[in-house]
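Dear colleague,

Please find below the structure that I am handing over to you, with its sequence. A short account of the findings follows it.

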Amino acid sequence: QVQLVESGGGLMQAGDSLRLSCAASGRPLSSAFMGWFRQAPGKEREFIADISWSGGSTYYADSVKGRFTIFRDNAKNTVYLQMSSLKPEDTAVYYCAAKIGRVLEYNYWGQGTQVTVST
């Protein structure tokens, strides 16, 4: 089993920067495809960004492109989401997820961390 634990959320102001972390335990993440998602109140979960096992390939949703950066440190078994120029519409619970094994969908999820951005 893999456990993913997000941290770093908080109450921010518009324009601030924040880094979220997703630490894994149970097995190495070095071969896992990782992603970040978010869910705002009353809305469906939204894809934010993903990163290949090596970190060499990343992909972003248009809503965060140019403001958010996903990166990983496989030696620390951790994936990060660096967020800058935060907007009130970035307010959501942020989740990290992993694809481990020969799967098409993310099969491991963290519990989420709340990010609230005020004006």
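In this predicted model, a salt bridge joins the side chains of D90 and R67, with 2.7 Å from N to O. The two residues belong to distant parts of the chain, 23 residues apart: D90 is in the loop between β8 (78-83) and β9 (92-99), and R67 is in the loop between β6 (58-60) and β7 (68-73). D90 counts as buried because its relative accessibility is 0%, and R67, at 11%, is buried as well.

The whole structure holds 4 salt bridges. One of them pairs R38 with E46, whose closest N and O atoms are 2.8 Å apart. Here R38 is buried, at 5% relative accessibility, whereas E46 is partly exposed, at 29%. Together, R38, E46, R67 and D90 form a network of salt bridges. Another salt bridge connects D62 and K65 at 3.1 Å, N to O; D62 is exposed, with a relative accessible area of 66%.

Turning to the aromatic residues, the search of the whole structure gives 7 aromatic pairs. F71 and Y80 count as stacked because their ring centres are 4.9 Å apart and their planes lie at 20°, under the 30 degrees required. F71 is partly exposed, at 28% relative accessibility, while Y80 is buried, at 13%.

Ring pairs also link F33, F37, F47, Y59, Y106 and W109 into a cluster.

Yours sincerely

Methods
Residues numbered from 1 in each chain as written. Predicted model: local features only at pLDDT ≥ 70, side-chain atom pairs only at ≥ 80, totals over all residues. Heavy atoms only, no water. Phe/Tyr/Trp six-rings, centres within 6.5 Å; stacked < 30°, edge-to-face > 60°. Buried < 20%, exposed > 50% of the residue type's maximum accessible area, 1.4 Å probe, protein only. Helix = DSSP H or I, 4+ residues; strand = E, 2+ residues; numbered from the N terminus.
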